[in-house]
Structure formats: C-alpha cells, structure tokens
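Welcome! Have a look at the structure below, and then we will visit a few of its loops together.

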Amino acid sequence: MFADGRGVADNAVLDADLCIVGAGAAGIALALELADTPLKILVLEAGGLEYEPETQDLYRGENVGHPYFKLESSRLRMFGGTTGHWNGWCRPLDALDFEERRWVPDSGWPLDRAELDPFYERAQRYVQLGPYDYSARFWKDAAGAMPFPLEPHLVETDVFQYSPPTRFGVVYRERMRLAKNITVLLHSNVTAIRLAAGGRRVEHLDVATLTGRRFAARARRVVVAAGGIETPRLLLASNGVARGGVGNQHDLVGRYFADHPHAPVALASLPELRTRSSLYSLRRHVRGTSVRGVFVTGERMMRSELTLRFSASVDRIEDDPYVDRDSDAEKRAESIGRNLGALEQGLTGGGKRDVFSLFMRAEQAPNRDSRVTLSDELDPLGLPRARLDWRLGELDLASITRSVRALARAFGAAGIGHVYSRPEQEEGFWDRIEGGFHHMGTARMHDDARRGVVDRDCRVHDVANLYLAGSCVFPTTGFANPTLTIVALAARLARHLRVEAA
C-alpha cells in the first residue's frame, strides 16, 4: 500500500520488521523479493510518485573535482528513483571484474561472478530483458549478424542488452500497492540514522517532511538504498554516536567514488560496417529484446599492458557531439592524430561515409581521494548537502590510451579498417571525459572492516542490523552500466534477510 509521510502525526514512531530507505531499483526490487514473507516492510521514499522540483532540490550539492553533472540533475528523488531517466543499457559484470588484479590497487570483490549468476537471472526479469546470455556467439546466431573476426587476445566483441527501459516507479507501482506486507511512505526523508548506545545497532531513523512533520521509524533491520551519493551523505551526517559517521570508523564512507568515464575516443574508418550485417551499429531487436555489440579489450591484453576494463561502441559521426558538423570527417580524423593502425592506406572505399566515432565506456580505477563529503551548506531539512570531488588518475588515462591502441592494432590485423586518434595528445580530451550518472563505490564491500564499509552480505561492519543496497557497495565497476548488478545484489540481499528472519 501507499501512504504519505505528510499525514503522519508529529513525534509518531512507526514500527516494522524491515525498513528500506529509498524506492529506486534496489529498494523496490528488495521489497518485492520479500513480498511473500511474513515480514512487515516499511519503505521510506523521499519523493512522491511524480517529479517535484522542491523535493528534487534536496539533491543539490557542490562539485569540486573533475567537471561533473549538477548533483540535482544526475539522479531523481521520486518513487522509482533514477530509473525514471536511465537509458536501459544492461550487462552483468564479467568474472575478471570480481578479481583482485595486482596492477589495480584496491581491486577485488569478496564474492565471484558465479555466486551472483542466479541473482543476475532474477535481475534480468526485473529489467525486462531477453535471455540471460551475453555472448556474441549466441546473439550472432539469433540475429544473423556476424561480429568482426578480431584477435581475441587484443579485442573481443561483447553484447549489451537494452531494457525498454524499465521505469520501476511505473512498472512496479501496482505490485507494491497490492503487497499486503509492504507500506510505501512517500515524501518521507530520512535525516539521521540513530544508533543505540555503543553504536552496535540502529535504534531508529529520524524522518522529516518538507511540510514540517517529524517522526521516527523503528525496525529490526534497516537497509539504506539511497544511491551512491545520498547513502554516504546520510551515513556521514549521522554522527550523534559515531562521531565520524555511521560505518566510518576507518574513514572509508564516501571515499572511492567512481563513475564510468564516457567520451568519444577516436574516429575509425570501417568500410565493412555499412555493407555487411553487423552487431555494432545501433540496436538490433532480437528474441524479444534489443542488443548491441561493442568492442572490448581482451583479457590477455589487459594483463600484459596493465589496463582497466574498456569498451567502445560505434556511433555515426552525426551522433558524436564533439565533431564539427561543418567539417569533413576525413579532416577531423587527420587533425586528431596519426593513424595507430595503418595510416599509409588512408581512408579507403566510401571515404567520409565509412568513418565512425568510437565512444568509450570504461572502468575507473579505485581512487581513495575521489570522494563524497559534507558541505557546509544545509538543506531545508537541516541536513548538510553533499560535496563531490570526482578524481580520475594516471592509470585511467594510461589505460584509455593503451586500449585505443589495442583497437587500432586489432582493426589493422583483421583488415577491417583503421583507427585515428592519440587520446593523450588530443587537446582537451581529458576535460571532455564525462560520467554516466553511475554513482558507485562510496561504501565499498570487503570482508575486512579496515578496507570496506560493508561485508559480503552488504551489512555495515560492526552495526548488526544495518545493510546497504545499491552501487555504493561496488569495490570495482567494470565497464558495464550498474543497474543490472544493483538489482542482482538486491535480490541476493533479500535471500540473506529472508534466511536471517526465519
């Protein structure tokens, strides 16, 4: 059922078995996974069912690092959360993403891909995708679209599936309304996590509305699923008992903020792309879902050249916002650097019409100094606003450069085309890198409390009844968009809570 916090009496105390803070992809999936249990579930959602400017303004904050989107525009404070404006790109993290890689400091998850696979299959249904198979082999057979014959040690073809995209606040509204054990309380902003004396348990949550109501929520277990910026903001601001903030005894909350670096990294001459059926150009609708192939650097290349995960999609020149619309693509290609494959052959075949933009979606290396902290400015509810200091490092740029060169070598070796770019020499390239609205890593998962905020079950170290859900717990990010993994981890957490409550 749905109710509204603006109608709750001042100083009331609401009791539940489980309280979930936030009704985005993680919070809604978690609640629905537990809808058939005896648990009395209270979901506290800060927004309403629709977008409201006054509520959205509570997300306003500061950017003090690498240029980033306004904090109030990169997420949505409403039922359904940021699924209200996501684009639907989906694929699971790969096995390598879970490994501790010696050349990537602070990498490694306390679980592996096989442990998450059953929950990825559940997540696949929540985001309305096709078969749980992301191999190029499976989709080439289904679509009759052959991937390029690339050297797999250099570059491989991987596949993204596209959600419609699923708007959780719309698609799952009725199921949430009808669930007998779930109450969604709208316009209910959690302003503090109150710990019991000694700091080992959550005693209650302080809740406020913009209309001035103040009340409390008390539950046997609490899950904060408020996103990769809002979750650390709430933990840090909840410093009544734990002076550095809840879960922050080792100064980790808010650190390791990551997003996926996005940018056009090169122009490529690919004459065959228009003349043969291809997985790479735009989206192909196959077996009930839309798919798209991308170029991904091979594992052997990454291990030998010490790079991060990297993917590149093929876009039409007219879709590249950084190409001058009034200039020829050939001139643009020549101006941004020498051909890393076989420049002497030049732009052959169709000339300009065969030139495409390669757009990267890459992994960011874990960076302790990239972080969310608290601003000196308070929002209308009295909570310090978030301050984001997004930082990219030397490994990020070196990895992008080496990955583009691997693409060039692979294209040249396969005889399919040429790549034109030197990212490290192109003026303004670093500043052109943007994020993807993917807020990750700010309450990372590790079995050792000195290296992570939560354990493998997403429970905050040393706080017995507090859990975190969402991409804030990712220790590393791969290149895949986070929503599918967010939902998979929520389903896995639901299983743990179900067993724990039995």
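## A cis bond in a loop

In this predicted model, P165 sits in the loop that runs between β6 (155–162) and α5 (168–171). The peptide bond joining P164 and P165 is cis, with omega at about 10°. For background, most peptide bonds are trans.

## Two positive phi angles

Next come two residues to look at for their backbone angles. Most residues other than glycine have a negative phi. Y256 is a residue other than glycine with a positive phi, near 65°. You can find Y256 in the loop between α7 (230–237) and β11 (262–269).

D462 also has a positive phi, near 75°, and D462 too is a residue other than glycine. Its loop lies between α11 (429–432) and β19 (466–468).

Are these residues buried or exposed? Y256 has a relative accessible area of 9%, so it counts as buried, since buried means under 20%. D462 has a relative accessible area of 38%, so D462 is called partly exposed: that value falls between the 20% and 50% limits.

## A buried threonine and its contacts

Now move to T209, which is placed in the loop between β9 (202–208) and β10 (214–224). With a relative accessible area of 2%, T209 is buried.

Which residues does T209 touch, leaving aside those up to four places away in sequence? The contacts of T209 are G5, R6, H187, N189, F215 and L381.

Definitions and conventions: Residues numbered from 1 in each chain as written. Predicted model: local features only at pLDDT ≥ 70, side-chain atom pairs only at ≥ 80, totals over all residues. Heavy atoms only, no water. Helix = DSSP H or I, 4+ residues; strand = E, 2+ residues; numbered from the N terminus. Buried < 20%, exposed > 50% of the residue type's maximum accessible area, 1.4 Å probe, protein only. Contact = heavy atoms within 4.5 Å.
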